[in-house]
Structure formats: structure tokens, C-alpha cells
Amino acid sequence: MEKRGFHRWAWLVVLLLGGLLMLYGGAQDVALFFSSNLAPVPSWHPAPPLVGLVCGLIVLASAGLNAVWGRRLRRAEGAQERRLARRVALVSGIAMTADWVSGYYGFGSLMALLTGIWLAARTPAKVAD
């Protein structure tokens with residue numbers, strides 16, 4: 001079965017935005033623990049340093065998982081694709097919330113969350129006999 005349209009590129013959204021971009025986001029959150037001056041982009045609300053560290057570690061873990069699962073989504077089909085998409089949606093939702101708590105927007109996690117929901121809710125294509 002050939003993937004078409006957005007379905008063909010959904011894995012790349014998860015890999016680049018939910019994975020690689022959020023590695024940068026998680027590093028920013030962790031930088032809040034050491035010094036708020038280390039973070040290249042200031043947070044939109046002040047967060048205690050320990051909160052920045054914990055949330056940053058959550059975001060970094062999520063980014064790593066999304067990078068791995070994004071690569072797997074490229075070749076996955078059917079039930080395996082849905083299972084991976086549900087995992088991406090769950091982990092990205094947690095990471096997005098953690099990023100909000102630490103004072104950042106979590107855009108990459110949001111895009112991975114929406115892509116995961118879209119893939120999980122997608123009706124499977126009918127196989128031609």
C-alpha cells in the first residue's frame with residue numbers, strides 16, 4: 001500500500017518537529033536550571049529552576065522517543081502505524097504540557113501530537129482484491 005499526500009510525510013513531521021526541534025526545546029528548559037541567562041529564548045513566564053530541569057528532561061526524553069518513532073513510522077503500516085501514532089500522541093502531549101509549565105510553547109510537540117492523533121484516527125485504506 002502506497003502512502004499518499006500528508007500521510008506520506010507524517011513521519012517527517014514527527015521526526016523533525018517532535019524530535020529534533022524539541023531536542024533544542026528541552027535543552028532550553030534544562031538551561032533554566034543552571035541560569036536563566038543561558039537560555040537563548042526567554043520563557044514567557046518565570047519558572048523555578050527545578051521545574052525547568054524536570055520539564056526539560058521530560059521534553060528531551062520525548063524528543064528522543066519521537067525521533068526513533070518518527071523513523072519507524074516511515075515504513076509502518078496498518079496496526080503497527082496506529083500503535084506508533086498513539087504512542088507519539090501520548091508522549092508529545094505530555095512533553096507539550098511540560099514545556100508549557102516551564103514557560104515555552106512546545107510547538108514541535110504540538111505538531112507531533114496533532115500528527116499522531118491524525119494518524120491514529122485515520123481510517124485504514126481498503127485493500128483491493
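Why does S62 count as buried?

The model is predicted, so local features need pLDDT of at least 70 and side-chain atom pairs count only at pLDDT 80 or more, while totals for chains, interfaces and linings use all residues. Residues are numbered from 1 along each chain as its sequence is written, and side-chain values use heavy atoms, with hydrogens and water left out.

**View 1. S62 in helix α2.** S62 is placed in helix α2, residues 49-75; helices are DSSP runs of H or I with at least four residues, numbered from the N terminus. S62 counts as buried because its relative accessibility is 4%; buried means under 20% relative accessible area, with a 1.4 Å probe and protein chains only. Not counting residues up to four places away in sequence, S62 touches G18, V91, S92 and A95. Contact here means heavy atoms within 4.5 Å.

View 2. Helix α3 covers residues 78-101. At 1.5 Å a residue, its 24 residues should span 34 Å, and the end C-alpha atoms are 35 Å apart, which agrees. The expected span is 1.5 Å times one less than the number of residues. Buried residues in α3 include V91, S92 and A95. Among the elements that cover the buried residues of α3 are α1 (6-34), α2 and α4 (107-121). G103 follows α3 and has a positive phi, near 100°.

**View 3. Packing of α3 against α4.** The two helices pack at an angle of about 150°, and their axes are 7 Å apart. Axes are lines fitted to C-alpha atoms over the stretch in contact, and angles run from 0 to 180 degrees between N-to-C directions. α3 and α4 are therefore roughly antiparallel to each other, a term for angles over 145 degrees. On the α3 side, the residues in contact include E81, R82 and R86; on the α4 side they include L110, L113 and I117. By class, the contact has 12 nonpolar, four polar and three charged residues. Ala, Val, Leu, Ile, Met, Phe, Trp, Tyr, Cys and Pro count as nonpolar, Asp, Glu, Lys and Arg as charged, and the others, Gly among them, as polar.

**View 4. G56 in helix α2.** G56 lies in helix α2. Its relative accessibility is 0%, so G56 counts as buried. Not counting residues up to four places away in sequence, G56 touches G26, D29 and V30. V30 is 26 residues from G56 along the chain, and their C-alpha atoms are separated by 4.8 Å.

Terms used
Buried means under 20% relative accessible area, exposed over 50%, partly exposed in between (1.4 Å probe, protein chains only). Angles under 35 degrees count as roughly parallel, over 145 as roughly antiparallel, 65 to 115 as roughly perpendicular and the rest as oblique.
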